[in-house]
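Please look over the structure shown below, a predicted model, before reading the notes that follow.

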Amino acid sequence: MRSGGHRIQGLNCFGHHQFCFRWSHRWLVVKDSFLLYMSRDPGLVSFVLLFDPELKVLVGRCYTDTQHGVCIENFSRKLIIKCNSYRQAQWWSHEIRRLSERCDFLQLHRFESFAPPRPHTFTKWYVNGSGYFSDLADALENAKEEIFITDWWLSPEVFLKRPARGTYWRLDQILKRKADQGVKVCVLLYKEVELALGINSDYSKRTLMNLHPNIKVMRHPDHVASVVFLWAHHEKMVCIDQTVAFVGGLDLAFGRWDDSSYKLIDVPSKTTNHNPRAVPETEGEDDSAVPLSHGDPGEAPRGHDEVDLTCNALLWVGKDYSNFIKKDWTQLDQPFQDNVDRTQVPRIPWRDLGAVVHGKAARDLARHFIQRWNFTKIFKIKYKDKFYPCLLPKSHVTANDLPFTVPGAAKASVQVLRSVDRWSAGTCESSIHKAYVHVIENSQHYIYIENQFFISCAEERIVHNTIGDAIVKRILRAHSEKKKYRVFVVVPLLPGFEGDIAEGGGRAIQTILHFTYRTMNRGEFSILSRLKEQMQDEWRQYISLCGVRTHSELGQTPITELIYVHSKALIADDRCYIIANINDRSMLGSRDSELAVLVEDEERVPSRMNGEEYEAGPLALALRKECFKVLLQTDSEPVIDIDDPVSDYFFNDVWNKTAQSNASIYETPYYLFNHTWIALSSFLQVFRCLPLDSIRNMRELQEHVSTKNLVQTDPEQAGRELKAIRGILVHFPLHFLCEENLLPPPGTKERMVPLERRDVIALEKTGPYQNKTEREKLFL
C-alpha cells in the first residue's frame, strides 16, 4: 500500500500528488468505524483513517494509478492498496463498504454534526466546579484503560476535592497513580502564543510527562508551521475509557473550583497552625502563601507533598486563589506561592457549568479527541515518534455496557456538537452555531443564556454569528403575535482580563466591552436598538440583561467583587439545554475549536408556564431552577416562586426587581443628615462599584473614583445597607462609558488589522510584539 494525500492547511501539508506517496508492506485492519494500517514488525499502528461522510472506496487504475489498486479516501487522507489481482481488489472494496455501511459517521446528522442524537443517555449537569471536579476525581479513580484530556489551560497541581488534606486528590497525583496502574493517559493542550498569553502550557506538559512514561502530552498548534496565530483550542473535555466523558466550560486549572457560596475570602484561621514550616522567599510574592515542605519520601501513599496540607482549611491553595483583573496569573511554575495577597485582595469567584455523559455520547466525544490526537501526531514532526501512539476509537456496539455511572445521572437524548476546521482537527464543522440558532428559533416560552461572552448580531463585516439576530427575530415574532416570551441573559460585568477599570480598564477590557455593548444596546445592529424600532420601551417585557456580584467582609471591612461568569449555557422552555460558547471564535468553526452537548429531556414532569399547567423536562427544569435559586437566593426566601419563569409576577416582581434592587444598593449614593445616612444622588455610595450605569464618560469615571464611599466613612452603616441584598443578580450597566469609543484606535496592537477584514476579532491578552503584524490573540 502507499499512503499520503493529506489535505490540511499549513506549511507542513503534503498536498495529494503522486510525489507524496510511498509504497510499503503493511497490515490493513478494517473495523466498523475506521481502518488502520500497521507495520509488520513490531506491529505498531502507523495510521488510523476514520470513516466520515467523505469516505470513498474506489477501484481501478484511474483512481490509483496502478493495476488492481483500491483507493480509500476520507475528508483529510487518501490511502491506496496495491492488490495482487482484480478479484482481490474487488474483495477489499466490498468488505470495507460492508463493514462501514452501518457506521453512524458516514453521513452528517442534525445541525450537520458528525454525531447523531443519542437517546436514553445517562447524563448529569453541574453548576460550579465543586461537584464537577469531585465527580471527575471519582471517575478518574475508576479508569482501567485510558484517560483522554483536552484543555485550553491545565494546572497539574489543581485539587479536585477540597479542602485538601494531602495530595491524593490533586490532578497530577491522580494521573500518576493511574499511570502506575497501567492506564494510558493522553493529554492535548492548546499551545499558546507565549508573548500574548501566560498559561505556560510547556510547564504543564513537562510536569505531567515527568511523572510517568504512560502519560503522553501533545501541544497544538505549531503557529508558524500551521499558519495559525489567532485561533485556539478552547475545548475542555475529559474522557475515561471512552465510556464516561466530562465536558463544558471548566478547564482543569487554577481559579475554576467554586461552589454556590462564591466566597470572596479564604485566609488561614488564626486558631489553626498553617505555618509549621517557613515559606521560602520568592521575589515579587507576598507572604500569605501556603507553606512549602520538602516532603518525606517514606510517607507514601500520600505522594510527594510540595506543600504541607496536614492542617489545611483553605479551599484555594497558592495560585488557585486569584483575582485576575487585579493581577493575571504569573510564575505558574511556582504553583503554591500566592499570586495576590489574600489578606488584602478578595478573590473573584468563578461561575461555570458542565456536564457528564455516558455511553455512545461519550464514545462520540472520545472519537473527536482521537481525531484531533491522530491529526496532531501526523502533522507535528516531534510527535511522529512511536512514543506517541495512534489512538483507536472503540465500537459503539458495546458503548452501553457501562462499568460505572456517575451518581445522580439520568437519561436524556444527548447530541455532541463541535466547531472545528482543517487547522484544528482536519475537518470542518460548525454544528454548535446551527444548534443554538435552531433552539432559539423554535423556543416557545423562554430562553436563558448564561455565557462568558455575549458577542453576536451579524453585520457580515466584523461579527458573523447570528445568535443575536435569532433572539431579535424570536422576540419580534412574539410581539407581533401578542404572546408572552422572555429572554434572560447573564454575563460577566467585566471581561476577565487584567486591568484597572477605575482608569478605564485598559484596551483589553474596553475592546470586549465595545463588542458586548454593540451586541446589547449600542449601534444599529444591537439587540435593543432593533427592538426599540418596533416596540419602543416594550422590549423590557421581553429581555433582561444582567450580571452577578457578591459581597463579604475582609478584616471587618465590607468588600464587593463581581462573580466571573465563565458558563456557556442555553436553556429553553425547561426542556433542553446546550453547553457551549457565544462568540464568533467558538461558533464559526473556522476559528477556535470548541465542544458542546445538546441535552433534550425525553421524560416529562408537571410544572407551570405562563400561569398554566406545563409538561417540563426533569433535567432542564432542575438546571434552570438551580440557576435561579442561586441567583435570587430563594433558599432564604422560600415564598419566592421560581416554578413559572415567564409569568409577569416572576419576570417583573422577582427577577427584574431583585436585579434592580441589588444594583441600586451597591450603587446608591448616601449623605449624612442629623447623624443619619440618607440616600441621595451625588453623595457617598456603599461601594464605588464599577462598571456603573451613571458613568457615561472618562471624566465622570475619574470623578467617581476620587470620591470616598460609605464603606470607607461608615463601614457599619454600609453593612446594614448590604443586608437588604438578595442573591447575586444585578442589572447589567447598559450606559457605562456610553459616550466613549471603547474600540482601540487603528495602529495600536490591540486593534488587529483594518476592521473590514472578515477575520478581525477582539483582543484576548495584551503583550509585546516585535512588529505590527504580530498581534495579540483575540476573543470575539
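## Cysteines

With a disulfide taken as a pair of cysteine sulfur atoms within 2.5 Å, the count in this predicted model comes to zero disulfides. A disulfide is a covalent bond between the sulfur atoms of two cysteines.

Cys390 has a relative accessibility of 12% and therefore counts as buried, the cut-off for that class being under 20%. Cys546, at 0% relative accessibility, counts as buried because its value also falls under that cut-off.

## Overall make-up

The protein contains 17 helices and 32 strands, and of its 780 residues 61% count as buried. Among the contacts in the protein with a separation of 6 or more, 72% are accounted for by residues 24 or more positions apart.

## Packing of α13 and α14

Two packed helices are described by the angle between their axes and the distance between the axes. For helix α13, which covers residues 618-632, and helix α14, which covers residues 648-667, the angle is about 50 degrees and the axes lie 10 Å apart. Because of this angle, α13 is classed as oblique to α14, and α13 passes α14 in a left-handed crossing.

On the α13 side of the contact are Phe628, Leu631 and Leu632, which meet Phe650, Val654, Trp655 and Thr658 in α14. Sorted by class, the residues in the contact of α13 with α14 comprise six nonpolar and one polar, with no charged residues.

Technical notes: Residues numbered from 1 in each chain as written. Predicted model: local features only at pLDDT ≥ 70, side-chain atom pairs only at ≥ 80, totals over all residues. Heavy atoms only, no water. Buried < 20%, exposed > 50% of the residue type's maximum accessible area, 1.4 Å probe, protein only. Axes fitted to C-alpha atoms, helices over the stretch in contact; angles between N-to-C directions. Helix = DSSP H or I, 4+ residues; strand = E, 2+ residues; numbered from the N terminus. Parallel < 35°, antiparallel > 145°, perpendicular 65-115°, else oblique. Left-handed = near helix turned anticlockwise from the far one by under 90°. Contact = heavy atoms within 4.5 Å. Nonpolar A, V, L, I, M, F, W, Y, C, P; charged D, E, K, R; others polar.
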